[in-house]
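Hello,

Here is the structure for your files. My notes follow below it.

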Amino acid sequence: MTHPHETVHVALGDRSYRIEIGHGVLANSGAWVSPLLSRPRVAVVTDSTVGPLHLDSLRDGLAAEGIEMTHLTLPAGEATKCWRYLSETVEWLLEQKVERGDMVVAFGGGVIGDLVGFAAAILRRGVRFVQIPTSLLAQVDSSVGGKTAINSPHGKNLIGSFHQPSLVLADVAVLGTLTERDFLAGYGEVVKYGLLGDASFFEWLEINAPTLAAGDISKRIEAVRWSCQMKADIVARDETEQGDRALLNLGHTFGHALEAATGYSDRLLHGEGVAIGCALAFEVSSRLGLCSQEDPSRVRAHFKAMGMKTDLSDIEGDLPDADGLLALMGQDKKVTQGTLNYIMARGIGEAFVTSDVDTETVRRVLHEALT
Ligand SMILES: NC(=O)c1ccc[n+]([C@@H]2O[C@H](COP(=O)([O-])OP(=O)(O)OC[C@H]3O[C@@H](n4cnc5c(N)ncnc54)[C@H](O)[C@@H]3O)[C@@H](O)[C@H]2O)c1
């Protein structure tokens, strides 16, 4: 059976690039990458889970166009987004004699994409790179838009830069080896797009997500395409997050506080925090009279139907109280001059940015959610 192939354009002037989405994209990777190369050689960085599963397919796809690859394998996991592995990556790229005209390839989930994108940004004051995202989260979110970063003991993604990729290749075939938990965490970001800006996408997901999660390839391609198109449109309007791009943070202020409260550990994955955060953002919006009472129920019902973490009680172990969570929210990157910017919603698909949110209401919602 042949599946559709989709292309999304990210319109950023002379830094514009394409996102190629399909089934079997890795097998054709050489054909997509070749026109961008000054010599037939790329340096690939992957992680210890993705490498053994999919590196051979990538090597074959590149070899089909006569492109040689060398590779570096880093440990899988969030802890890799740190100075040590950034430095290891940059030094390895220098050892491989990667020059200004060469292409670096980030082959993995959001951790590899963020780290390798940052390494490419600082290597020789900037070399080009290709994102080949392998997790659902990376295909719909982190590989697009040019945010690159590593973590600091002071917080997540605090050291980084904007560096757009030259190409993104999203092969939904590789999603088949994700654990169900990682798949559903990535799906949290997919739902976020519907919730923030397109009610018809959310409705489509309500109907199609069960078969999509069960492995339907065409629906996976459609969900990745829709998500990437929405992100591409927002990034083209506001590349460096002066305004609209903040909408992509729907659910993230709550989510980041929960990630911090759980020590960025396995207790809560990023996408799980985003899903719970979206449910909380709709609950607060409803309490403030911004959206109907049915909206938060509908959001939660969908998460529950998909078997996702939905409520604070779905997080194992103890959490701080409402004041503790509020304090963690206050450390968010979205704080400007001491004021927290919230992403609230006037309904499903109608998110907006505001600092005008009554903290007492947020505290009450958190308190009730904790009890
Ligand atoms: N730059 C951005 O705009 C942006 C946006 C959202 C999230 N992020 C970042 O992305 C990261 C989270 O991304 P993630 O969820 O992809 O994390 P990840 O890279 O750790 O991947 C999750 C797990 O899935 C494994 N994996 C990846 N692809 C696989 C495959 N095809 N088969 C089997 N296993 C596979 C990985 O090895 C890892 O163990 C966070 O660091 C977050 O800060 C960045």
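**K81 and its surroundings**

K81 and N157 make a polar contact through their side chains, at 2.6 Å. Such a contact is a pair of N or O atoms within 3.5 Å; within protein, one must be able to donate a hydrogen and the other to accept it, and residues adjacent in sequence count only if both atoms are side-chain atoms. This is a predicted model: local features need pLDDT of at least 70, side-chain atom pairs count only at pLDDT 80 or more, and totals for chains, interfaces and linings use all residues. Residues are numbered from 1 along each chain as its sequence is written, and side-chain values use heavy atoms, with hydrogens and water left out.

K81 sits in the loop between β4 (68–74) and α3 (83–95). Helices (H or I, at least four residues) and strands (E, at least two) are DSSP runs, numbered from the N terminus. K81 is buried, at 4% relative accessible area. Buried means under 20%, exposed over 50%, partly exposed in between (1.4 Å probe, protein chains only). Not counting residues up to four places away in sequence, K81 touches V111, D114, L115, A149, I150, N151 and N157. Touching means heavy atoms within 4.5 Å.

**Salt bridges**

A salt bridge puts a side-chain nitrogen of Lys or Arg within 4 Å of a carboxyl oxygen of Asp or Glu. The count is 24. One network links E78, K81, D114, K156 and E259.

Within it, the side chains of E78 and K156 meet at 3.7 Å, N to O. E78 lies in the loop between β4 and α3 and K156 in strand β8, so the pair ties together parts 78 residues apart in sequence. E78 is partly exposed at 28%; K156 is buried at 13%.

R39 and D102 form another salt bridge, at 2.5 Å, N to O. The two are 63 residues apart, R39 in the loop between α1 (29–33) and β3 (41–47), D102 in the loop between α3 and β5 (103–108). R39 is partly exposed at 29%, while D102 is buried at 6%.

**The ligand**

A backbone N or O atom of V174 is 2.9 Å from a nitrogen atom of the ligand. For a side-chain N or O atom of T177, the distance to a ligand nitrogen is 2.6 Å.

Best wishes
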